[in-house]
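Subject: Handing over the structure

Hello,

I am passing this structure on to you, and I hope you enjoy looking around it. Please open it first, and then read my notes alongside.

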Amino acid sequence: MRPPADCMLCPLCSGRTSIVLPSGDPSSGIAFVGEAPGEFEDRQGKPFVGRSGKILDKIMAEEGLDRSKVMITNTVKCRPPKNRDPTKEEMAACRSFLDSELYGCRLVIGLGKSACRDLLGYEGKMGEIANKRMSITIGGKEVVFIPTYHPAACIYSKEARAGLRETIRTAREEIEAGN
Ligand code: URA
């Protein structure tokens, strides 16, 4: 189930140019979930094509993970004003769309605090949970969930960059193992 082109389930509809749907391979069973579209994503209608996307692409390339081999999406499909964090209400309004994207996945990776707030209800620091394997339920099915740092956090933090790199390596290994 996708949001309709005229979706008005939350106030983010008023400022959007595009509804940003997942990119990559939805049948891969591996999903990266970011926060929300930014300016470039809103303009191009694709997730992670701006500054954070360049960081994600670079680390994926360095770790030998082809971006087109996984699904990349966001908690909310429309850009929040001034790139503020999506609210709980906005994430809740978009949640059924995210659930249908993630249904049947074997590994879901949460990029940063909004994804972890939405999918785990976690409100703490990323450093406490990054790269710990967890389990979430999507449509009644258990799915492995790995929380990690958002690519934007890697601009100023070596720890975040190393953490995200480790997660991407794990995803590549999962693909290779065909798990
Ligand atoms: N671009 C996205 O698509 N998602 C983010 O979380 C950040 C930038």
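Below are my notes on pockets, a cavity, cysteines, helices and a few loop residues.

First, how to read them. This is a predicted model, in which local features need pLDDT of at least 70 and side-chain atom pairs count only at pLDDT 80 or more, while totals for chains, interfaces and linings use all residues. Residues are numbered from 1 along each chain as its sequence is written, and side-chain values use heavy atoms, with hydrogens and water left out.

**Pockets**

The search runs on a 1 Å grid over the protein atoms alone: a pocket is an open set of points with protein on both sides within 12 Å along at least five of seven lines, a cavity is a set of points where a 1.4 Å probe fits but cannot get out, and lining residues have an atom within 4 Å of a point. Grid points are joined across faces, edges and corners, and a volume is the space filled by probe spheres set on the points. Helices (H or I, at least four residues) and strands (E, at least two) are DSSP runs, numbered from the N terminus.

The largest pocket holds about 550 Å³ of space. It is lined by 25 residues, and E35, S52, H150, A152 and A153 are the closest to its centre. Three helices, α1 (39–44), α2 (51–62) and α4 (113–120), each supply at least two lining residues, and α1 gives the most, with three. By class, the lining has eleven nonpolar, eight polar and six charged residues. Here Ala, Val, Leu, Ile, Met, Phe, Trp, Tyr, Cys and Pro count as nonpolar, Asp, Glu, Lys and Arg as charged, and the others, Gly among them, as polar.

The second largest pocket has a volume of about 180 Å³. Among the residues lining it are M1, R2, L21, M71 and F97. Strand β1 (23–24) and helix α3 (88–102) each contribute at least two lining residues, with α3 giving the most, at three. This lining divides into six nonpolar, three polar and two charged residues.

How many cavities of 30 Å³ or more does a search of the whole structure find? The search finds one, and the largest cavity has about 110 Å³ of space. Of its 16 lining residues, C7, L9, C10, C78 and C94 are the closest to the centre. The lining has 13 nonpolar residues, no polar ones and three charged ones.

Even with those cysteines around the cavity centre, the structure holds zero disulfides (a disulfide is a pair of cysteine sulfur atoms within 2.5 Å). For C10, the nearest cysteine sulfur is that of C78, 6.3 Å away. C10 is buried at 17% relative accessible area, and C78 is buried too, at 10%. Buried means under 20% relative accessible area, exposed over 50%, and partly exposed in between (1.4 Å probe, protein chains only).

**Two helices**

Helix α6 (residues 158–177) has 20 residues and reaches 28 Å from its first C-alpha to its last, close to the 28 Å expected at 1.5 Å a residue; the expected span is 1.5 Å times one less than the number of residues. Its buried residues include A160, G163, L164, T167, I168 and A171. An α-helix has 3.6 residues a turn, so residues three or four places apart point the same way. The buried residues of α6 pack against β2 (30–34), α2, β4 (107–111) and β6 (141–148).

Within α6, I168 has 0% relative accessibility and counts as buried. I168 touches F32, L56, I59, M60, E63 and L65, not counting residues up to four places away in sequence; contact means heavy atoms within 4.5 Å.

In α4, the buried residues are S114, A115, C116, D118 and L119. They pack against β2, α3, β4, α5 (126–129), β5 (134–138) and β6. G121 follows α4 and has a positive phi, near 70°.

**Two loop asparagines**

N83 is not a glycine, yet its phi is positive, about 60°. N83 is found in the loop between β3 (71–74) and α3 and counts as partly exposed, at 41% relative accessibility. N131 also has a positive phi, near 65°, and lies in the loop between α5 and β5.
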